[in-house]
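I opened the model to look through its helices, sheets, domains and contacts. My entries follow in the order in which I looked things up.

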Amino acid sequence: MANVRIEGVSKVYAGRTVLSSLSLEIQDGECFTLLGPSGCGKTVLMRLIAGFETPDGGSISIGDQVVASAASAQALPPEQRALGMVFQDYAVWPHMSVFDNIAYPLKLAQVDPAALRERTMHAVALVGLDGLEARLPSQLSGGQQQRVALARALVSEPRLLLLDEPLNNLDANLREEMRFEIKALQRKLGVTILYVTHDQEIALAISDRLAVMDETGALRQIGAPQEVYENPADDFVFRFLGIANFLPVRRDGAALYIGGSAAPWVGPEPDKHGARITAGFRPSDVLLARGGEGLPGIIVRASFLGAQVDYLIDIAGTLIRAALPSHECLARDLLFVEGESCRVSLATVQWFDGDIVSGARA
Amino acid sequence: MAYIELNQVSKRFGKVTAVDRLDLQIAKGECVAMLGPSGCGKTTTLRMVAGFDDLDEGEIRVGERLLSSKREKYYLPPEQRNFGMVFQAFAVWPHLSVFENVAFPLRVRKLPKAEIVARTEEALKHTNLLSAAGSSPDDLSGGGKQRVALARALAIRPDVMLLDEPLSSLDPHLREEMRFEIKDLQRRFGFAILYVTHDQSEAMALSDRILVMRAGVVQQIGTPLEVYGAPANRFVFEFIGLSCFLQAALSPGGMQIDGVSYPWPAGVAAPAELVAAGAGLLAARPTEIDFVGEGGVRGEVVRKAYLGETIDYLVRVGSSELRVQKTRRASGPGVGEVCGLRFVRPHWYAV
Amino acid sequence: MNTAKSGTPRIGTPEILFGLSVGVLVIVVAVPMLLIFFNAFWVDGHFNLVDVLKVLRQRETYKALLNSLVLSAGVTVTGTIVGTFFAWLVTRTDLPFKKTMKLLFLVPFMLPAFIGALAWKMLLSPRAGYINRFFIDVLGFDGPIFDIYTYAGIILVETMYLFPFVFIQVSGALERMDPTLEESARISGADLMTITRRITIPLVMPSILSGSLLIMLYSMAHFGTVAVLGIETGIYNIPTLIYEKIHQSAGSFDSIRAATVLATVLVLAAALILWLQNRILRKGRYQIIAGKSFRPTELKLRAWRVPLFLFCLAYIVFAIVLPTVTIFLVGGLKTYGLPFTAANLTLANYRHILFEWDLTRDAIWNSISLGLSAALITMFAGVIISYVIVKMKVRGRGLLEFLGMLPFSVPGSVIALGVILAWSGKFGINLYNTVWIILLAYIARYMAFSLKANSAALEQVHDSLVEAARASGATMGQALKDIVIPLVRPGMVAAFFLIFLPALRELTVSVLLYGPTTRTIGVAIYTLNEDGETVYSAALAGIALITIVLGEVLIKRLVAGKSKA
């Protein structure tokens, strides 16, 4: 097991700077996720760590070993980095059985046949594929192929496991199941994991820490899932991690109003002091009532979705989304229909400078 | 008086009964979704209503017109049924422009030229496609093609629209947007919709009533609220929404789990047959379980996952593991802690 | 540790392989082509259009050009009609035994057209053909009911063996077409006629056109049928006229000039056709492939069901059974012209050509060894060059791809002519009249097939499969050995057979290149027929047919077996 140190790494592709002087440290034994939109450079960073690309600037170390350094023009080839990697399309070899796929790293390391067999079967059991060792990949489902890829990456007990959006091609139920399995495996083996994805749900579910990257390749925030979700560093992070509601707030002397309207702001005190600020909150922060205190809202759309009821609410011209547990709505007479008015209170609010909704600055 | 009527409709393929004596009445302007796992017969039913397949038993009527009837050996082919239909892969013709695609049903009916143009433009206007009228459908995105399919179905101003998983080829963000567009169109034009889907949230968001099918047999017909909250059987309960189960020993006074006795949860007693059998499955939605200090069913938290808006718990109770979901603001026990569970809306099923 | 600094240009393995590949393709493919153009247009050191026009104005030349046009146009029209009709019958109606009929309609593809022409000559030559003789002698007709040595005869025979081009494309398109495209038309109110007219046909038109252009290309470049049926009455097309020029000329300058001019016209026509095909496909290739698996609606033929079925059977009998039976029977005759009685039939001919006669034994041996060598060489060269094109990130891959695919469009006669010009002493190497010149022509001709098959296989081997191996600890070399090669092997085997079988039976190329001891099977069959040894010609043709059929069956088994694994 090892930690990973990325120091000032830069990478240029066809004239475009994908990564610019990026520094990051992944602790030994943690599950670290790189989260960002497509094309932000997260996969490039992973390939640099794996050794399929070489950095134009900076250095990368795994454990005590410098595996790539632009300054000394040295790079350890991928086969010598002692890593495990799971690719987005699984990359399971179609002409080899499940057993041979998983055993391949051990075969390359010239492990003796008895130990090879034992360790391979152990890996097979670890991912729940007992009984399927003799099958060919074409006889397996997508989820099972995924497990083969996982077992193959783990069988040589690598110091670092790299996962490149491996759950993308699975259906929703399987995705949920697999992310818990990966987490459980990691806990059990204590292996350091770097997971790359654009799906914030997965990132939140499995990470010990995560890093949010934007389209330019810059790191916006690094922290534990709860920390990043509850205390976002900026509105990019706030938006990326889940459904984000924004209400513009105008400061006029000592009073606060919603946007350009005369409706007064009712809710938590802002911790930003500009003339124009924005209140950011999640659908789960929205509390509804039929009357009383709170921001006045009109229900634009109501959707019963089973476990929750989704509302689209117009507050002084801005649309926000609320999600309430359906049994609560039933119990407390909060099943609104379109056109009804309501009162909105907010449980927690993140404050941002400027008017994010319309783009006007502070 | 129902507008669309399916009476005891059955369809067999060799030895397999794909649809088994289905009864359904749809009122004018109502949206009914047929929901079920693949192979359950929902698409077969839709195709019989459309006329692509003939029924083996029963009859189908729309308005006063008989469409198919086994008894009277009557079968009206699809081209004479006057429905609007939208297919899963859009089925938009790539060699015709968007305008010509939408105008096709009108041209086939040999309407006067001026009327064809007027009605086509109206359909294009309602689906936001006027600016794309001259384009080739291949130049449009998935959502654009879907709108062409909708416009084409709308052009003849049908009283009934048949939708065969129309949104499943679109990516998730687009799906939600298109859902509401379809709903708005329905409200504006007042046609009835028969909708086939395997996506429950779509069915619940769009429809007035849901028909749940399994292996050709209707399990339940009801409003989304009814189907979710008062499922007719265990299949419906498990198919719609998340579910978790807890095995319990039963006696007339209450239930026993892991050796401990508890009163009936939320006052809901198990049905007499189960009490007589001495054992039953306590079933609940993960979102309808609360953590309580005193008096709850005792369990131990095995896993706690922070998922952003929700926190997902796995609680071990006896030999079962229950999933509990709470919103992020609700406080709850940590991993390894002992907790008490209160079932807000429990259901009982046989083991 | 690797020394790796991105951005600095290196001469490494990729660059070397690229250079070698370009070199090979230039020598084998590009040089012969260029020499033809030079020879046609360049006289005494300068560009000369006048002489070219002079050649074109000669009666025999422009007659041949006209014939080529008329014949191929005729074959294209009839072949397209026949192919489309059968494709529609087999995919969209309730014709009985559709699956079998579909397979049977593909058989004409397997039979070399010139052998079919030979058989038809034996049946319908005006004075000696068996069918004509039957009508005259037995039924008392005054003259032959059909003279095969005519334009009509040639078109008829070529249609029989070329219609599968259209059949395959159209039946494929009709089968794979998304049925909801037609269902949505039905629910929109259209009846079957309207749907066929306004939806189905426009959507498969690109396939129809694509297939018919292929027929045109093939027919224009085809030597055998016109040679067998046309030379009698002086109907020449471009390939046969080129043959005349080369073989009667014994190397005369003028003849070669004339041949190269004709070759140029042929190449330009071929290029035009391929460009047209490309444009049609690119503009009109619609995404009409189906997702769900509901079958398209079948038209009920009702009263026409049995008659149409019989018609199809009759066509199969005429196209396949009749000629094949004729070939084998004539091959067993003691003397040509005798009636088919048991007394007149013997296996002696077969024994003679297989074991006793030098000429035929050599021809068989030549064809087999040429086929094997050409297939092996192009297979290996194809894999390497494909790898450079598909997997290596070197600049100029497009050039390599272009060079490799070039001969795909160039007619066989032109390749043969080019190879003659290149390797008859021009660069100090004279291979004329040896097997080597034929081998070089085959390699040039078939390289494109190998590149296509191997590229397709390589494209299936995603980069991530190799990277996964490297992440598991394999060096690049180990990854190639353990992952890439096993996955590419089926493509290589396919390429091998894709080349070996056509090479075994081909005529157009080797007829221009053969010498007294370097005949191929195709040449032997043809020249035996020309020399009047009809019976031996038929016997050899029969053996060739058996070999081809066995070979095809073997491939299907092998390919099916491999694709299951």
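Entry 1, helix α3 of chain B. I checked what the buried residues of α3(B) pack against, and found α2 and α4 (142–154) of chain B. The model is a predicted one, and I keep that in mind throughout. The buried residues of α3(B) that I listed are B:Ile116, B:Thr120, B:Ala123 and B:Leu124. Because they cover an arc of only 100 degrees around the axis, I put them on the same side of α3(B). An α-helix has 3.6 residues a turn, so residues three or four places apart point the same way. On the face turned away from the buried side of α3(B), I noted the exposed residues B:Ala114, B:Glu115 and B:Lys125.

I then looked at the length of this helix. α3 of chain B runs over residues 113–126, which is 14 residues. From its first C-alpha to its last it reaches 20 Å, close to the 20 Å expected at 1.5 Å a residue. After α3(B) comes B:Asn128, and I read a positive phi there, near 60 degrees.

B:Phe90 has a positive phi near 70 degrees and is not a glycine. I located B:Phe90 in the loop between β7 (84–86) and α2 (98–108) of chain B. Is B:Phe90 buried or exposed? I count B:Phe90 as buried, because it has 26 C-beta neighbours inside 10 Å, and the cut-off for buried is 20 or more.

In chain A I picked out A:Asp333, a residue other than glycine with a positive phi of about 55 degrees. A:Asp333 sits in a loop as well, between α9 (326–331) and β19 (341–346) of chain A. A:Asp333 has 9 C-beta neighbours inside 10 Å, so I count it as exposed; the cut-off there is 12 or fewer.

I followed β17 (residues 308–315) and β18 (residues 318–325) of chain A, which pair in the antiparallel sense over 8 bridges. Opposite A:Asp310 I found A:Ala323 in β18(A). β17(A) and β18(A) form a hairpin with 2 residues between them. In the turn, A:Ala316 has a positive phi of about 50 degrees.

I traced an open sheet of 5 strands in chain B, in the order β2-β1-β4-β5-β6, with antiparallel pairing. I marked β2 (16–26) and β6 (74–75) of chain B as the edge strands, since each pairs on one side only. Between β1 (residues 4–13) of chain B and β2(B) I counted 7 bridges, and the two run antiparallel. For B:Val9, I found the bridge partner B:Leu22 in β2(B).

I have 9 helices and 21 strands for chain B. The C-alpha trace of chain B spans about 80 × 50 × 35 Å along its principal axes. Of the 351 residues in chain B, 44% are buried. I also looked at contacts in chain B between residues at least 6 apart in sequence: 65% of these join residues at least 24 apart.

Chain B is divided into domain 1 (4–238) and domain 2 (244–349). I read 40 Å between the C-alpha centres of domain 1 and domain 2 of chain B. For chain A the assignment gives domain 1 (4–239) and domain 2 (243–353), and the C-alpha centres of these two lie 40 Å apart. How many residues does each domain of chain A bring to the contact? I found 4 residues from domain 1 of chain A and 4 residues from domain 2 of chain A. The side of domain 1 of chain A that touches domain 2 has 2 nonpolar, no polar and 2 charged residues.

I counted 25 residues from chain A and 21 residues from chain C in the contact. On the side of chain A that touches chain C, β6 (74–75), β7 (83–86) and α2 (98–108) of chain A each supply at least two residues. By class I noted 17 nonpolar, 4 polar and 4 charged residues on that side of chain A.

Key: Residues numbered from 1 in each chain as written. Chains lettered and ligands numbered in written order. Predicted model: local features only at pLDDT ≥ 70, side-chain atom pairs only at ≥ 80, totals over all residues. Helix = DSSP H or I, 4+ residues; strand = E, 2+ residues; numbered from the N terminus. Pairing = 2+ DSSP bridges. Domains from an automatic or database assignment. Contact = placed C-beta atoms within 7 Å. Nonpolar A, V, L, I, M, F, W, Y, C, P; charged D, E, K, R; others polar. Expected span 1.5 Å × (residues − 1). Arc of directions from axis to C-beta.
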